[in-house]
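Please examine the sequence and the three-dimensional structure shown here before reading on.

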Amino acid sequence: MFDFKSKRRLRAQHHGSGSPATVMSLVNTLASELGQAAPVAVAVGIEAPIERETGAVAPWASTRLPEWREINIRSILENGLGLPVVVDNDANFDALAEWTWGVGRRADCFLNITCSEGVGSGLIIDGRVHRGSDGMAGQIGHTVVEQDGAVCFCGNRGCLATLISERAIVSALSGSDSPKPDLPAVVQAATKGDPACQRVLFESGRHLGRALCNAAKLLSPRTISIGGLLSGAGTFVLDGLNSSIEVASLRAISPSIEFAIGRLGHRSKLLGGLAAALDVSGQGVSELESWMTLDADPRNHS
C-alpha cells in the first residue's frame, strides 16, 4: 500500500491460496495502519486474463485459480471494501508501469512482454491498455511457435509459454550436466560462462523473437520491452531475439521498432497497480520518488 501522506509503503503477506476474502483482509489490515487516512482505490493483479463481459477469470485459465472461478472479482471487492477497485491481468500492470515510468514512457504504441513463471504481454495504444473486445488481448504466451511442441495448460500445443517460461527453461537443462533450480540460477550461471545455460537462454530469445516478429508486423509498436525474470538474461536473450528478427526481415518492414529490457524489474506489477489506482481515482504521479520503489517491511497475515 502506498501512503502518499507519510511517503511510505506498507506491505502485508498471506501464506497459502488466495481468495477475494484474503484480499479484503489484507487491505483492511493495511488500512488500519494509516491512522485517520483512508485508502482511495485498490488495484488487484491476477495472473490470468479477465473476461470483459463477466469480470471473471477466463474459464480456460481458471483451473489454476479455483478460488477466483466464475465470480465478478471487481464487483465482489468493491462491495466488500467500499472502495473503487481495478482488476486486471498482471501483465497489463507490468506494461502500464513501463509505459508510465519506464522504458516505454509515453510511446504511442507500446508492447511489454513478461516472462517469468508464465508468459504474458500488455499492449498500450494511445495511452490506454488495449484489452480487446472480450478482455483476452495480450495472450502472447499462447501464440503457437512450434506446431508439434509440448501440450500447454490452455489445451494447445507448442505455445510460447511451453518454450520460454521458467519451468520450460529449467526443464531444458534437467538432462544436462548443468541442471539449475530456477531461472535466476540459470541467468547467473550463463553470466559466469556456463555454455549450456547460455544456449537455452539464446534459444529462448529466438523463440520469443519469432512470436514478437509476427506481433510487430501486425501492430507496428514503437517500443517492445522484455520484463520479468527472463529480462535478467540481457544480451543472451536479445542475441537470440535479434537472430529471429534477421530471419523474419522485420527491420525491412518496420525499421524504427525498438527492442529493450524493462527498467522497473520485479516492482513493475506493483507500480502498474499504483498507476491504475491513481487513474481510477483521478490522480497521477509524473515521476517516481525513491520511497515508492524501496522494498517495504512485510506484515505477515494468515
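This is a predicted model: local features need pLDDT of at least 70, side-chain atom pairs count only at pLDDT 80 or more; totals for chains, interfaces and linings use all residues.

Residues are numbered from 1 along each chain as its sequence is written, and side-chain values use heavy atoms, with hydrogens and water left out.

In soluble globular proteins, nonpolar side chains tend to be buried together. A nonpolar core is here a set of buried Ala, Val, Leu, Ile, Met, Phe, Trp, Tyr and Cys residues joined through side-chain atoms within 4.5 Å. Buried means under 20% relative accessible area, exposed means over 50%, and partly exposed lies in between (1.4 Å probe, protein chains only). The largest nonpolar core has 39 residues, and Ile113, Leu208 and Leu212 have the most contacts inside it. At least two residues of this core come from each of strand 6 (109-115), strand 7 (119-125), helix 4 (161-164), helix 6 (183-191), helix 7 (195-219), strand 9 (223-227) and helix 8 (235-247). Helices (H or I, at least four residues) and strands (E, at least two) are DSSP runs, numbered from the N terminus. Helix 7 provides the largest share of this core, nine residues. Leaving aside residues up to four places away in sequence, Leu208 touches Ile113, Cys115, Leu160, Ile164, Ile226 and Leu241; contact means heavy atoms within 4.5 Å. A second, separate core contains 23 residues, including Ala95, Trp99, Trp101 and Trp291.

The cysteines come next. A disulfide is a pair of cysteine sulfur atoms within 2.5 Å, and the structure holds zero disulfides. Cys152 counts as buried, at 6% relative accessibility. Cys197 is likewise in no disulfide, as the nearest cysteine sulfur, that of Cys115, is 17 Å away. Cys197 is buried, with a relative accessible area of 0%.

Rolling a probe the size of a water molecule over the atoms shows where empty space is left. On a 1 Å grid over the protein atoms alone, a cavity is a set of points where a 1.4 Å probe fits but cannot get out, and a pocket is an open set with protein on both sides within 12 Å along at least five of seven lines; lining residues have an atom within 4 Å of a point. A search of the whole structure finds one cavity of 30 Å³ or more. The largest cavity holds about 60 Å³ of space, and its lining includes Asp94, Glu98, Asn112 and Ser268. The second largest pocket has a volume of about 740 Å³. Of the 36 residues that line this pocket, Val86, Arg128, Arg131, Ala276 and Asp279 lie nearest its centre. Helix 3 (90-101) is among the elements that give two or more residues to this lining, and its six residues are the largest share.

Two backbone positions remain. Glu70 has a phi near 55 degrees, a positive value in a residue other than glycine. Glu70 is placed in the loop between strand 4 (42-46) and helix 2 (73-81), and it counts as exposed at 72% relative accessibility. Asp126, also a residue other than glycine, has a positive phi near 50 degrees. Asp126 lies in the loop between strand 7 and strand 8 (128-129) and is exposed, with a relative accessible area of 64%.

Methods. Grid points are joined across faces, edges and corners, and a volume is the space filled by probe spheres set on the points.
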